[in-house]
Amino acid sequence: YLLQSANGSYKIHTETKREDQIMFDKTETAVLSVSGMHCNHCRGKVEQALSSLKGVKSIDVDLASATAHVTYVPAKTNVEAMVAAVNDAGFGAEVR
């Protein structure tokens, strides 16, 4: 479809653009089991590792249950990258 701007020029927008935007707006939540966390500093390191990934929207790391709930955009990251980031921070991780 055509969209006219304030200065009178036209831009062509396609359905593909809209589909791409929907793809980037879609989120999923992954739950990771995290081993090796013993204190709030450890929890913070896991949060920092996960938040460094593009596409991660929110993180809830629970020290007591040794889990991380991560809401993310699948078009930008995946659970394999999350596990790798946690491992690189010095902790064990696996998808629940």
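The dialogue below goes through the labels given to parts of this predicted model.

Student: What should I know about the numbers before using them?

Tutor: The model is predicted, with local features needing pLDDT of at least 70 and side-chain atom pairs counting only at pLDDT 80 or more, while totals for chains, interfaces and linings use all residues. Residues are numbered from 1 along each chain as its sequence is written, and side-chain values use heavy atoms, with hydrogens and water left out.

Student: How many helices and strands are in the protein chain, and in what order do they run?

Tutor: The protein chain has three helices and six strands, in the order β-β-α-β-α-β-β-α-β from the N terminus. Helices (H or I, at least four residues) and strands (E, at least two) are DSSP runs, numbered from the N terminus.

Student: Why is Phe91 called buried?

Tutor: Buried means under 20% relative accessible area, exposed over 50%, and partly exposed in between (1.4 Å probe, protein chains only). Phe91 has 9% relative accessibility, so Phe91 counts as buried. Phe91 is in the loop between H3 and strand S6 (92-95). Of the 96 residues in the protein chain, 27% are buried.

Student: What does Phe91 touch, leaving out residues up to four places away in sequence?

Tutor: Contact means heavy atoms within 4.5 Å. On that basis Phe91 touches Val34, Ser35, Gly36, Met37, Cys42, Lys45, Val46 and Val86. Val34 is 57 residues from Phe91 along the chain, and their C-alpha atoms are separated by 6.7 Å.

Student: Why does Ser35 count as partly exposed?

Tutor: Ser35 has 43% relative accessibility, so Ser35 counts as partly exposed. Ser35 is in strand S3 and touches Phe91 and Gly92, residues up to four places away in sequence not being counted.

Student: What is noted about the phi of Ala66?

Tutor: Most residues other than glycine have a negative phi. Ala66 is not a glycine, yet its phi is positive, about 55 degrees. Ala66 is in the loop between strand S4 (56-62) and strand S5 (67-72), and with a relative accessible area of 28% Ala66 is partly exposed.

Student: What makes a set of residues a nonpolar core, and which members of the largest one touch the most other members?

Tutor: A nonpolar core is a set of buried Ala, Val, Leu, Ile, Met, Phe, Trp, Tyr and Cys residues joined through side-chain atoms within 4.5 Å. The largest such core has 21 residues, of which Leu32, Val34, Val46, Leu50, Met82 and Val86 touch the most other members. At least two residues each come from strand S3 (28-35), helix H2 (40-51), S4, S5 and helix H3 (79-88). H3 gives the most, five residues. Leu50 is in contact with Leu32, Val56, Ile59, Ala68, Val70, Met82 and Val86, leaving aside neighbours within four places in sequence.

Student: Why are H2 and H3 called oblique to each other?

Tutor: Their axes (lines fitted to C-alpha atoms, for helices over the stretch in contact, with angles from 0 to 180 degrees between N-to-C directions) come within 9 Å and cross at roughly 140 degrees. Angles under 35 degrees count as roughly parallel, over 145 as roughly antiparallel, 65 to 115 as roughly perpendicular and the rest as oblique. H2 and H3 are therefore oblique.
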